[in-house]
Amino acid sequence: MRTNESAIDSVIRISVGHHVSAGASDYARAKIIPVLDHGFDPILGVRVRVTGHPDPSVALSIVAQANVSTVDRTVRVQVAAATTREAIDLLAARLKTRLERVARHRDAVRNGRRGLRGHDWRHGDIPRVWLSGFPRESDQREIIRRKSYALIGETCDEAVFDMETMDYEFHLFTESGSRADSVMYRADDTGYRLAQVVPHLDTVVRGATACTISRMPAPILDVGNAIERLELTGYPFVFFRDRTTNRGSVLYHRYDGNYGLITPSTQ
């Protein structure tokens, strides 16, 4: 093992859940470490998680996720596949592509050139598949993850960059031109769409990334109403204006069939 690989091996942490093939940990280590040994930013930590769906009828029953922490930022990727090895192979390929594009974007910006635009992030990328949620009855679902953080001011380009490096389907932030709580999300296979608590089309900093902007204000709801709307629409998430805090929040479906809630920090 080369020196850099040894350094990466010392900071990689792999967890394997139930319903996953034997040897998944060793196979993940063998596939992921070489991906990280390609001159990217110094790696501070790596977390890899492989979990299996308890329902054998689910087609893409294995979910693999990697979080790579560097000096500048964290890069996250997540994939789903029918088998453990296929999931890990896809994870390694997607992680390599993501790290390469983050490096290209960083180098372009440092040298005064235009960074990657929206279509640059996805051109030639591995097709993304929505994760199949656990078939839990709606009356058995609950919010099991609540995440709150200070929403920093970002342009649309910066929001897309954060969303793509973290492999998210949406990103909650404060749009820097309008100062409005906003959510950037994937509108289809190639585009992005921006929704705001109160739309400010004239002051939004659009940047180089093509995105459409919703003209509809976010609905004013409490969390209970947001759950009802999420169930009625069948959407993967609901962006709403919290009736209590008057801030933009996101309620979303988790892979385990429960809900997650993201809210701005009140600090």
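This is a predicted model: local features need pLDDT of at least 70, side-chain atom pairs count only at pLDDT 80 or more; totals for chains, interfaces and linings use all residues.
The side chain of His171 makes a polar contact of 2.8 Å with the side chain of Glu154. Leaving aside residues up to four places away in sequence, His171 touches Tyr149, Glu154, Ala159, Asp162, Met163, Ser182, Val183 and Met184.

Strand E7 belongs to an open sheet of 5 strands, arranged in the order E6-E7-E8-E9-E10 with mixed pairing. At the edges stand strand E6 (153-154) and strand E10 (211-213); each has a single partner strand, so one side of each is left without a neighbour in the sheet. Within this sheet, strand E8 (residues 181-186) pairs with strand E9 (residues 192-196) in the antiparallel sense, over 5 bridges. Ser182, one of the residues that His171 touches, stands opposite Gln196 in E9. Helix H5 (residues 156-165) lies across E6, strand E7 (170-175), E8, E9 and E10, and runs at about 55 degrees to E8.

Attention now turns to the other sheet. This open sheet has 4 strands in the order E1-E2-E3-E4, again with mixed pairing. Here E1 and E4 take the edge positions, each with a single partner strand, so one side of each is left without a neighbour in the sheet. From one strand to the next, the twist averages 10 degrees. E1 and E2 pair in the parallel sense over 5 bridges, and Val16 stands opposite Val50 in E2. Helix H2 packs on this sheet, where it touches E1, E2 and E3, and its direction makes about 145 degrees with that of E1.

What of the nonpolar interior? In soluble globular proteins, nonpolar side chains tend to be buried together. The largest nonpolar core of the model holds 30 residues, of which Ile32, Leu36, Val48, Leu91 and Leu95 touch the most other members. Two or more residues of this core come from each of strand E1 (12-16), helix H2 (24-36), strand E2 (43-52), strand E3 (62-70), strand E4 (74-81) and helix H3 (84-110). A second, separate core has 13 residues, among them Leu151, Leu172, Val183 and Tyr185. Val183 also links back to the opening residue, as one of those that His171 touches.

Definitions and conventions. Residues are numbered from 1 along each chain as its sequence is written. Side-chain values use heavy atoms; hydrogens and water are left out. Two strands pair if DSSP finds at least two bridges between them. Contact means heavy atoms within 4.5 Å. Axes are lines fitted to C-alpha atoms, for helices over the stretch in contact, and angles run from 0 to 180 degrees between N-to-C directions. A nonpolar core is a set of buried Ala, Val, Leu, Ile, Met, Phe, Trp, Tyr and Cys residues joined through side-chain atoms within 4.5 Å. Buried means under 20% relative accessible area, exposed over 50%, partly exposed in between (1.4 Å probe, protein chains only). A polar contact is a pair of N or O atoms within 3.5 Å; within protein, one must be able to donate a hydrogen and the other to accept it, and residues adjacent in sequence count only if both atoms are side-chain atoms.
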